[in-house]
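Here are my notes on this one, as promised. Have the model open while you read.

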Amino acid sequence: MKRSGFTMAFLMIVCVFLTVNAEAEEFEFPEIHGFLEEAFAPGFGSDDVKHRQYNMAEARLQLRADYYFSGDNILAEWQTAIESKCDFVLDFYYGGKVLTDLRELNAVFTPLDIVDIRAGRQVLTWGTGDYLFLNDLFPKDYVSFFIGRDDEYLKKPNDALRIMVYPEWFNIDFAFIPFFEPNDVPTGDRVSFFDSFEGGIAGRSSELHVVEPSETPKNFVYAARAYKNIKSYEWALYYYRGFDPSPSSYKNEAGHQIYHQRLDAYGGSLRGPVMGGIGSAEVSYYYSPEDPDGDIRTIQNSMMKYLLGYEKDLGNDLRVGFQYYLEQTLDYGEYRKALLPMDYRWDEFRHVVTSRITKFFANQTVKATVFAFFSPSDMDAYIRPSLSWDATDSWNLTVGANLPFGRDSWTEFGSVRKNKNVYARLRYSF
Amino acid sequence: MRKITAITITLALFVSGAAYALTADEIVRKASAASYYQGKDGRADVNMVITDSLGRTRERYMTILRYDHEDNGPQRFYVYFHRPSDVEGMSYLVWKKPGEDDDRWLYLPALDLVRRVAASDKRSSFVGSHFAYEEISGRGPEEDTHELEGEEDGKYKIRSTPREPGEVEFSYFVTWVNKDNFVPVRAELYDKRGKLYKTIEALEIKDIEGYPTVVKMKASDLNTGGNTVSEFSDIDYDIGLEEDIFTERYLRRPPRRYIR
């Protein structure tokens with residue numbers, strides 16, 4: 001079944017659900033909420049993206065509606081709800097093109113006391129990181145992140161079946177994703193990036209081509225989490241079977257083709273109170289089934305990823321947080337031996353530290369945040385200051401900046417260093 | 001004459017003996033139980049109107065569910081935000097543990113994110129209102145030393161001084177507690193220089209299912225002139241909430257039958 005077929009089937013199921021319920025006497029039209037937002041982000045880049053002067057200029061309408069089944073039928077008995085959220089974007093970056101972004105359309109129900117099921121388009125998140133994701137391999141939109149959209153847009157939705165089981169001993173969360181959904185990463189059109197074929201930072205000149213996994217049952221994605229609270233501490237184990245959400249291996253070098261190699265991940269995390277704040281630790285083992293010995297130079301090796309985090313409320317509406325992240329490429333010796341003389345060589349270890357400082361002013365109507373990434377091993381950094389003002393319950397103005405820096409053009413933040421911008425978003429919520 | 005005086009003195013001693021039979025600590029514990037522990041569990045819709053010094057208002061509308069383990073003991077709270085629109089659908093979970101930091105979680109539906117919230121500062125503002133967190137969920141009686149200063153109009157007047165002055169912005173506060181039902185009806189908070197800077201008043205008290213309940217209260221910031229009025233409606237006690245509603249499961253899937 002192709003993706004469009006899957007979506008159609010789901011919409012039909014929703015229609016059947018609604019028809020069943022329309023016969024119930026108390027049909028209640030759902031309330032509609034959402035917002036209207038104008039966003040503009042002048043950039044000070046110097047590369048050949050589509051527009052050098054700005055990298056975001058758009059008007060966005062978001063509509064949300066939830067419907068709850070009632071009456072005397074099985075759907076009401078299962079406390080079934082349909083949750084929907086859709087964005088309509090007038091994107092001036094692409095000459096005023098209108099884009100529809102269906103962010104949520106799912107049915108959630110409780111067929112058994114200890115089971116919740118959510119089927120359809122939904123956002124999935126787990127793990128303990130703040131802007132750093134180890135076991136959360138669900139799709140992200142890093143283009144939105146770099147140009148200054150709201151944090152909501154960092155997470156991309158999946159078409160998924162999520163089964164949540166809550167027996168006494170611990171909780172299980174299982175997600176079945178029939179069609180792998182990749183991250184949105186810079187491709188040179190709006191955000192420039194490092195293109196190894198060009199040997200440097202590329203914009204529209206890049207001829208890089210990303211090959212996505214074919215839509216067949218053997219490419220189904222599965223993710224699972226088992227978790228439990230013991231006193232104040234949250235323990236979790238994670239599993240993922242799918243593909244690397246960011247394309248990080250080469251398919252065909254002559255054709256400038258990169259692709260999402262197969263990836264299995266096994267991890268765990270712990271979070272709880274530490275010295276008056278919240279401490280967390282997370283670890284993940286990324287197994288690369290297409291390059292199990294690490295000796296294929298075009299395919300990403302297996303990796304270990306570690307994260308430590310700490311957040312504390314210092315009073316007076318001031319909160320600070322720190323993270324330390326370590327990434328280790330496994331079988332590094334094999335990888336080095338396999339490299340050809342002209343290949344870029346990645347380091348075995350990558351260290352990243354982050355800090356977040358949040359301060360509220362004026363009865364929490366003004367929020368100032370600075371988030372900073374710094375990698376001492378890559379010598380790159382990314383600073384994200386923002387200031388958000390709730391002028392009224394409906395009007396919000398947010399201004400901020402995206403400031404990536406880097407010594408080299410091939411590191412994570414160095415590769416996007418030409419995309420520095422400032423942004424302003426004016427939003428009316430209803 | 002001497003006899004009458006003796007009787008008067010005896011009577012006075014007797015009366016004051018009865019009135020002061022309760023120690024300040026006992027009154028504060030009873031007041032805490034009467035304010036924050038009615039029934040085994042409860043629900044209420046809360047509408048907060050926050051007015052700033054320039055008279056501009058903001059509103060917060062939420063449902064609060066509560067589950068008690070024992071009076072003046074551990075409690076769980078579940079808060080679901082209905083309005084304003086930008087926080088609609090967010091839910092908030094608190095496991096209150098007297099004598100320790102609370103465990104708190106905030107769920108952001110747009111990101112499907114369950115965030116653990118550091119909870120060491122109980123004096124920070126609750127959702128931008130003039131109420132501090134612990135003025136909503138209750139300040140533990142053991143966190144202050146209490147002194148009965150006397151009685152006024154059928155109310156006990158109690159002065160409370162923090163055991164850990166470094167953790168709070170006040171130097172002491174004075175509470176007036178109804179003698180008949182132990183409902184605190186007014187609190188005055190004094191800053192480190194001894195100046196009155198904040199008041200909390202019960203504006204309306206109703207009997208709900210046998211529990212005297214404050215259904216309207218106001219916090220005023222005397223330094224800035226701002227205030228917040230909270231009105232409670234659809235209050236219900238002993239509704240048989242299950243303890244497991246106060247877990248991550250229900251942050252992701254709000255229990256509609258209790259919050260609508």
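Predicted model: local features only at pLDDT ≥ 70, side-chain atom pairs only at ≥ 80, totals over all residues.

1. Residues are numbered from 1 along each chain as its sequence is written, with chains lettered from A and ligands numbered from 1 in the order in which they are written.

2. Chain B has 13 strands and five helices (DSSP runs numbered from the N terminus: E, at least two residues, for strands; H or I, at least four, for helices). Its C-alpha atoms fill a box of roughly 80 × 40 × 30 Å along the principal axes. Of the 260 residues of chain B, 34% are buried, meaning 20 or more other C-beta atoms, placed from the backbone, within 10 Å of a residue's own.

3. Over in chain A, strand E2 (residues 54-68) pairs antiparallel with strand E1 (residues 32-42) over 11 bridges; pairing takes at least two DSSP bridges. Phe40(A) has Ala57(A) in E2(A) as its bridge partner. E2(A) also pairs antiparallel with strand E3 (residues 81-91) of chain A, over 11 bridges, and there Ala59(A) is partnered by Leu90(A).

4. Now the interface: 26 residues of chain B are in contact with 32 of chain A (C-beta atoms, placed from the backbone, within 7 Å). On the chain B side, strands E2 (57-68) and E6 (113-117) each supply at least two residues.

Technical notes: Buried ≥ 20, exposed ≤ 12 C-beta atoms within 10 Å, placed from the backbone. Contact = placed C-beta atoms within 7 Å.
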